[in-house]
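Subject: Structure handover

Hi,

Here is the structure I promised to pass on. My notes follow below it.

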Amino acid sequence: MVKRLTQRRVTREDVASLAGTSVAVVSYVINNGPRPVAEATRERVLQAIRQTGYQPNSIARALASGTSRTFGVVVPDISNSFIASLAHELLQESMRYGHVMLLGDSGDDCQREREIIQGLLNRQVDGLIYISADRHPHTDMIRRNGTPVVMLDGVEPEPGVSVLRMNERQAAREATAHLLSHGYREVGIITGPARMLNSRDRLQGWIDAMGNAGLAINPQWVVPADYTRHGGYQAALQLLAGPGYPRALFICNEQMATGSLRAFHQQGIRVPDDLAIVGFNGTDQGAYLLPSLTSVRQPIADIAATAIRLLHTWQADAGLHEIRHYLDVGESCGCPAGSPLTESGRGKYETDNY
């Protein structure tokens with residue numbers, strides 16, 4: 001029985017010696033080419049690899065082959081339920097192409113985001129999927145490196161940068177219009193941080209809907225907050241601390257909506273009887289809130305499949321790919337529980353304006 005080598009890093013020379021072959025043949029087996037290897041010799045090499053515990057140097061392989069079989073994902077906050085769901089789907093999809101996925105969470109910090117991107121580029125990733133924490137994403141350094149990148153953000157495409165995005169302004173307008181369709185006229189908004197790319201579009205969509213309906217905007221009912229449960233909780237309390245609160249509220253992500261529901265319950269505000277709510281970027285978790293959350297949703301599995309496909313079939317020219325959205329109707333907006341239901345038991349409505 002051959003003992004596993006543990007005192008130093010096992011090399012291809014060790015494998016070749018044990019298998020009775022040359023180092024070149026070991027390389028052919030590991031890399032599946034470029035030259036064929038007899039099946040009996042191949043089996044001896046594989047057995048030697050198992051016995052020695054040899055692990056190929058992934059960085060050296062990347063330099064030699066031009067591919068690391070690795071994709072990188074850069075996100076602003078993995079604790080966000082939408083981001084977590086998306087990251088999960090991206091991981092599953094990347095594995096279908098034989099790629100490992102490295103995840104970088106910037107914690108909504110722009111400098112940390114830059115460091116994560118640089119670290120992934122140093123590791124020779126084959127491509128990046130990138131959601132920025134700031135209005136000014138670090139695409140220049142990625143383009144200079146020549147690494148394919150797909151932005152899942154509201155930026156404009158450019159050579160070397162593909163963009164996969166939902167029309168967030170339009171989606172926010174439609175979500176607000178759904179509240180207005182119930183007859184509510186006093187509608188406020190809990191919006192995201194001003195530095196975020198998507199906060200601007202969601203806020204503008206709400207303004208569009210209010211303007212289209214000829215309704216005045218009460219500045220006291222425009223409350224910015226972090227995209228977190230605590231942010232939504234604090235924003236709801238701030239809203240209730242004023243001289244009056246709106247009849248309906250557009251809340252710009254599911255995490256904030258969850259926190260606000262807690263605050264309203266503590267203050268004796270009934271949703272939707274006293275205050276109706278529509279959220280944004282909902283996930284399956286929204287069905288388990290009380291009341292169930294009406295929210296704009298994106299087809300997460302389709303987004304992941306498209307993003308990975310774009311990296312796998314990369315074209316360096318700029319590309320813009322729009323994502324369809326839909327309004328997943330629960331009870332928080334005031335729709336009756338008997339609304340037309342999808343298979344998941346929630347109301348699902350799509351528009352043709354994409």
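Helices (H or I, at least four residues) and strands (E, at least two) are DSSP runs, numbered from the N terminus. This is a predicted model, where local features need pLDDT of at least 70, side-chain atom pairs count only at pLDDT 80 or more, and totals for chains, interfaces and linings use all residues. Residues are numbered from 1 along each chain as its sequence is written, and side-chain values use heavy atoms, with hydrogens and water left out.

**Overview**

The protein chain has 12 helices and 13 strands. Of its 354 residues, 50% are buried. Buried means under 20% relative accessible area, exposed over 50%, and partly exposed in between (1.4 Å probe, protein chains only). Contact means heavy atoms within 4.5 Å. Among contacts between residues at least 6 apart in sequence, 68% join residues at least 24 apart.

Two strands pair if DSSP finds at least two bridges between them. On that basis there is an open sheet of six strands, in the order β2-β1-β3-β4-β5-β11, with parallel pairing. The edges are β2 (100-105) and β11 (319-323); each has a single partner strand, so one side of each lacks a neighbour in the sheet. From one strand to the next, the twist averages 20°.

Inside this sheet, β3 (residues 127-130) and β4 (residues 149-151) run parallel and are joined by three bridges. Ile129 sits opposite Val150 of β4.

Helix α6 (residues 110-122) lies across β1 (70-75), β2 and β3. Its direction is at about 180° to β1. Axes are lines fitted to C-alpha atoms, for helices over the stretch in contact, and angles run from 0 to 180 degrees between N-to-C directions.

The loop between α6 and β3 holds Gln124. This residue is not a glycine, yet its phi is positive, near 60°. Gln124 is partly exposed, at 35% relative accessibility.

**β10 and β12**

A second pairing is antiparallel: three bridges join β10 to β12. Val296 stands opposite Leu327 in β12. Strand β12 (residues 326-329) is covered on both faces. Tyr326 and Asp328 are buried on one side, Leu327 and Val329 on the other.

**The α1/α2 contact**

Helix α1 (residues 12-19) and helix α2 (residues 23-31) have axes that come within 8 Å and cross at roughly 105°. That makes α1 roughly perpendicular to α2. The cut-offs: angles under 35 degrees count as roughly parallel, over 145 as roughly antiparallel, 65 to 115 as roughly perpendicular and the rest as oblique.

α1 contributes Arg12, Glu13, Val15 and Ala16 to the contact. α2 contributes Val23, Val26, Ser27, Ile30 and Asn31. By type, the residues of this contact divide into five nonpolar, two polar and two charged. Here Ala, Val, Leu, Ile, Met, Phe, Trp, Tyr, Cys and Pro count as nonpolar, Asp, Glu, Lys and Arg as charged, and the others, Gly among them, as polar.

In α2, Val25, Val26, Ser27, Tyr28, Val29 and Ile30 are buried. After α2 comes Asn32, with a positive phi near 55°.

**Backbone points to check by eye**

Most residues other than glycine have a negative phi, and most peptide bonds are trans. Some places here depart from that.

- The Val271 to Pro272 peptide bond is cis, with omega near 10°. Pro272 lies in the loop between α11 (254-266) and β9 (276-278).
- Leu290 and Pro291 are also joined by a cis peptide bond, with omega about 0°. Pro291 is in the loop between β9 and β10 (295-297).
- Asn281 is not a glycine but has a positive phi of about 55°. Asn281 is in the loop between β9 and β10. It is buried, with a relative accessible area of 8%.

**Asn253**

Where is Asn253? In the loop between β8 (248-251) and α11. Leaving out residues up to four places away in sequence, Asn253 touches Asn80, Arg202, Tyr227 and Phe280.

Best wishes
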